[in-house]
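Okay, thanks for coming, everyone. Let me put the structure up, and then I'll talk you through a few spots.

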Amino acid sequence: MADRLEDVTIAILGGTGDQGNGLARRFALAGHRVLIGSRSAERAQAAAEALADAGRVEGGANADVAAEAGLVIVAVPWDGHKALLTDLADVLAGKIVVDCVNPLGFDKQGAYALPVEEGSAVQQAAAVLPGSRVVGAFHHVSAKLLLDPAVEAIDLDVLVLGDDREATDLVQALAARIPGVRGIYGGRLRNAHQVEAFTANLVSINRRYKAHAGIRVTDV
């Protein structure tokens, strides 16, 4: 890990999706070197080129960018979450791994939380990455706001969960590098299920009010 937060190279697995792409854009604007990962190196490189105006953004295969980065954000679809992290366990050993995956299903009634055997997506990540420092964060950030160049600041608190105090402190500070955002400690990994599941409520709020709602924590 670099001595200064701004010198940390960030890899985003699944960085070609809207959520990962939006985070890549914001962290590049904040001055970080950002590596976009994908199953297809060509797709990752194309996504990186599209963000060239934001700063230092490069693309490559998931395994390659994970190996090069000091901090890795997991923004892959839920159905490929466990398999990908299991395959990359050796590469991710010793790194801070930030999981922002929300296990959700959708039907005619809208979004709903899916059951996870380990309790939550981030607990699943911790189970398959015993050598990594796993943190949960960025679950409730609107991809549309992250990607919108007209939005300079995002009105949002990011709940950061983990069992490693140094790692959660660093991720809180990282979240605050996005203008308007605060990183707020949200508890240990065992408390992650309700944070991930609350995304289904936000989806319902956004659909009803045609908004891009987030959360703010009062009195902190």
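This is a predicted model: local features need pLDDT of at least 70, side-chain atom pairs count only at pLDDT 80 or more; totals for chains, interfaces and linings use all residues.

Residues are numbered from 1 along each chain as its sequence is written, and side-chain values use heavy atoms, with hydrogens and water left out.

Cores to begin with. A nonpolar core here is a set of buried Ala, Val, Leu, Ile, Met, Phe, Trp, Tyr and Cys residues joined through side-chain atoms within 4.5 Å, and buried means under 20% relative accessible area with a 1.4 Å probe, protein chains only. The largest one has 40 residues, and Leu23, Phe27, Leu71, Ile73, Phe138 and Val158 have the most contacts inside it. Helix H8 gives the most to this core, five residues. Helices, by the way, are DSSP runs of H or I with at least four residues, strands are E runs with at least two, and both are numbered from the N terminus. There's also a second, separate core of 28 residues, with Ala66, Leu129, Ile184 and Ala192 among them.

Staying with H8, that's residues 165-175, and its buried residues include Ala167, Leu170 and Val171. At its start, a side-chain oxygen of Asp164 comes to within 3.1 Å of the backbone nitrogen of Glu166.

Now the strands. E2, residues 34-38, runs parallel to E3, with five bridges joining them; pairing takes at least two DSSP bridges. The chain gets from E2 to E3 through H2, and this β-α-β crossover is right-handed, meaning that with the strands pointing away from you, the path from the first strand over the helix to the second runs clockwise.

In the loop between H2 (41-50) and E3 (57-61) you'll find Ala54. Is Ala54 buried or exposed? Buried, at 10% relative accessibility. Beyond neighbours within four places in sequence, Ala54 is in contact (heavy atoms within 4.5 Å) with Arg25, Ala28 and Leu29.

Last stop, His139, in the loop between strand E8 (133-136) and helix H7 (143-147). His139 is buried too, with a relative accessible area of 5%. Its side chain reaches the backbone oxygen of Asp99 at 3.4 Å. Leaving out neighbours within four places again, the contacts of His139 include Asp99, Cys100, Leu161 and Glu196.

Notes:
Buried means under 20% relative accessible area, exposed over 50%, partly exposed in between (1.4 Å probe, protein chains only). A polar contact is a pair of N or O atoms within 3.5 Å; within protein, one must be able to donate a hydrogen and the other to accept it, and residues adjacent in sequence count only if both atoms are side-chain atoms.
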